[in-house]
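This briefing goes through one protein chain, topic by topic. Look at the structure first, then read the points beside it.

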Amino acid sequence: MPRPAATVLLLRDAPGGFEVLMTRRSATASFAPGAYVFPGGGIDAADHGAHAQAARRPGQDDLRLTQAIAAIRESFEELGVLIARHADGRAADAADIAALDRQGDFFAQCQARGLRLAADEVFVLAHWVTDRDLPRRFDVPFLVARMPEGQVPVADEAEQFEPVWVRPADALTRHEAGRFFMIFPTIRTLQRLAKFADVAAVLAACAGEQPLWTSCPRGGFVRGEEARFMEDEMPFGELALVSPDGQMVHHLDWRCDQPVPLLRNLLRLTAPNAGVMTGPGTNSYLVGDPASGYIAIDPGPDDAEHVQRLWRATGGQVKLIVCTHSHPDHSPGARPLQALCENRPPIWGLPSAPTARPASAFTPDHVLADGQVLFVEGGGARHSLRAIHTPGHAANHACLLLEEDGLLFSGDHILNGSTTVVDPPDGDMTDYLDSLDKLAAACREAGVEFILPAHGHVLGFPQQVIAHLKAHRLKREAKVVAAMQARPHGGLADWVELAYDDVPPRMWPLAQRSLLAHVQRIEALGLVG
């Protein structure tokens with residue numbers, strides 16, 4: 001179990017932006033040796049017992065009070081900073097600090113001197129839990145407090161050295177230059193802290209008594225080097241799927257030359273078609289095992305080498321081929337893969353609609369019904385895919401739910417790293433939004449924990465992902481409505497620069513395709529007179 005601890009970020013306003021107090025840990029420390037950190041340490045039993053000696057806010061519960069007390073104690077023991085007040089409201093001063101022994105009983109000394117701990121001035125910023133793969137783990141609130149006026153930090157020269165005031169952005173710059181070593185939670189905290197204008201803005205943001213973010217990072221390898229990621233970063237879901245216990249085993253680099261194992265019954269092989277529209281490439285998935293045979297999902301473009309790799313990865317034991325839709329980076333590889341297999345596995349999917357572009361023409365061997373279950377089985381195992389019709393990105397789009405493992409193959413309806421293009425006439429924005437609702441319900445009912453997109457890494461937290469996507473689309477719709485009202489006689493070229501002002505102009509021609517889908521929906525709903 002991670003050990004409870006508390007860390008405090010002491011802040012002060014300064015010309016050019018506020019600063020945070022950091023210190024360098026001992027080079028022989030058992031945790032993060034030599035790193036620049038914020039003061040803090042483990043929560044002791046005495047911290048729990050000192051509630052009567054601390055001032056508290058009305059909304060500050062016992063847990064938050066204990067954490068604030070521990071942070072106050074640690075900041076005094078490590079840096080000689082005393083966040084406390086006398087009974088008459090006077091802040092602790094240099095004389096009080098000089099009268100206290102930093103090695104002695106902190107609470108008894110404060111009580112004897114008539115000092116009350118100013119825990120009501122300490123707020124929670126974030127909640128970090130040490131990565132699962134590390135031998136020493138801590139459960140740590142990162143707290144914030146304004147540095148008491150007139151006090152000067154003095155390191156204990158045992159655990160902490162070289163106290164330094166630094167702007168968050170400057171600390172990050174020095175770290176990038178190799179002159180200010182910091183560990184992952186410190187870096188990510190400073191990155192988020194750097195967005196605030198001053199100390200008052202930080203404290204105001206923390207007034208709600210809940211952390212602004214909570215994270216237990218996960219690690220993997222990128223270009224052979226260890227890399228760690230928070231829950232809102234793109235690789236996190238894949239790391240959670242592949243290594244639930246958090247061990248550092250998975251390589252996140254995109255591979256087109258060989259399949260990447262995700263589960264014992266699931267392989268991903270990415271096509272060599274990286275680009276603006278496809279990201280790192282189209283993900284083909286192989287579901288099954290040697291005993292059951294395999295279902296190939298989205299064989300990808302008509303790329304002979306990619307199709308050969310899919311065939312080799314299954315030992316030629318492809319039993320079914322399923323296409324989520326018929327765009328040219330998804331379905332053209334189906335017939336060549338079928339031809340390679342002696343058993344000529346049937347191709348399932350939805351035929352392209354009359355609205356599809358010529359390059360997306362597609363006729364499967366069998367039409368996939370909404371709710372239909374396809375499966376392979378053998379060796380006592382069964383792998384079942386349930387079809388979910390999801391028009392929107394394309395009229396013939398379907399997602400696939402792997403029932404035994406609670407996984408959703410989302411095709412292009414949900415991507416990792418970007419939002420999908422909805423391109424009329426084959427794409428329809430109202431259908432797209434309705435399909436998101438349908439997927440949210442299906443994921444709840446089936447207990448889906450991961451989404452496997454056709455482009456990008458595996459996604460975790462499916463309900464949050466889907467809700468975010470829908471909110472993003474509706475927010476964009478509101479901007480389109482505003483653009484149409486601002487330029488009532490304009491067209492797509494006039495509206496795109498207003499509705500997509502957060503997108504680089506070079507992407508506006510592509511954005512106009514989804515813009516058209518929004519305009520058609522807005523006009524159908526009568527949202528603009």
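In the hairpin formed by β20 and β21, two residues lie between the strands, and glycine 379 has a positive phi near 65°. The model shown here is predicted.

**The hairpin and the next strand**

- β20 covers residues 373–378 and β21 covers residues 381–389; six bridges pair them in the antiparallel sense.
- Within this pairing, glutamate 377 is found opposite arginine 382 of β21.
- β21 is also joined to β22, residues 398–402, by five bridges, and these two strands run antiparallel.
- Leucine 385 has leucine 402 in β22 as its bridge partner.

**The open sheet**

- An open sheet is built from seven strands, in the order β13-β14-β15-β16-β17-β18-β19, with mixed pairing.
- β13 (260–263) and β19 (366–367) are at the edges; each has a single partner strand, so one side of each has no neighbour in the sheet.
- The partner of β13 in an antiparallel pairing over three bridges is β14, residues 266–270.
- Here leucine 263 is placed opposite leucine 266 in β14.
- Helix α9, residues 304–313, packs on the sheet and touches both β14 and β15 (283–289). The direction of α9 makes about 165° with that of β14.

**Aromatic rings**

- Nine aromatic pairs are found in a search of the whole structure.
- In one of them, the ring centres of phenylalanine 38 and phenylalanine 142 are 6.0 Å apart and the planes are at 85°, so this pair is edge-to-face.
- Phenylalanine 38 belongs to the loop between β3 (36–37) and β4 (40–42), while phenylalanine 142 belongs to strand β8 (residues 138–146), so the pair ties together parts 104 residues apart in sequence.
- Both members of the pair are buried: phenylalanine 38 has a relative accessible area of 4%, and phenylalanine 142 has one of 7%.
- A cluster of Phe38, Trp128, Phe142, Phe184 and Trp213 is linked by ring pairs.
- Trp213 of this cluster also has a charge over its ring: the charged end of arginine 192 sits there, 4.9 Å from the ring centre.
- Elsewhere, arginine 57 lies over the face of phenylalanine 123, 4.0 Å from the centre of that ring.

**Cysteines**

- How many disulfides does the count give? The count comes to zero.
- A disulfide is a covalent bond between the sulfur atoms of two cysteines.
- For cysteine 256, the closest cysteine sulfur is that of cysteine 323, at 19 Å, which is too far for a bond.
- For cysteine 341, the closest cysteine sulfur is also in cysteine 323, and the distance of 13 Å is again too far for a bond.
- Is cysteine 341 buried or exposed? Cysteine 341 is buried, with a relative accessible area of 2%, whereas cysteine 256 is partly exposed at 22% relative accessibility.

**The chain as a whole**

- The secondary structure of the protein chain amounts to 14 helices and 25 strands.
- The C-alpha trace spans about 85 × 65 × 40 Å along its principal axes.
- The chain has 529 residues, and 53% of them count as buried.
- Of the contacts in the chain with a separation of 6 or more, 62% are between residues 24 or more positions apart.

Definitions and conventions: Residues are numbered from 1 along each chain as its sequence is written. This is a predicted model: local features need pLDDT of at least 70, side-chain atom pairs count only at pLDDT 80 or more; totals for chains, interfaces and linings use all residues. Side-chain values use heavy atoms; hydrogens and water are left out. Two strands pair if DSSP finds at least two bridges between them. Helices (H or I, at least four residues) and strands (E, at least two) are DSSP runs, numbered from the N terminus. Contact means heavy atoms within 4.5 Å. Axes are lines fitted to C-alpha atoms, for helices over the stretch in contact, and angles run from 0 to 180 degrees between N-to-C directions. Rings of Phe, Tyr and Trp (its six-membered ring) pair if their centres lie within 6.5 Å; planes under 30 degrees apart count as stacked, over 60 as edge-to-face and the rest as tilted. Buried means under 20% relative accessible area, exposed over 50%, partly exposed in between (1.4 Å probe, protein chains only). A charge sits over a ring if NZ of Lys or CZ of Arg is within 6 Å of the ring centre and within 35 degrees of the ring normal. A disulfide is a pair of cysteine sulfur atoms within 2.5 Å.
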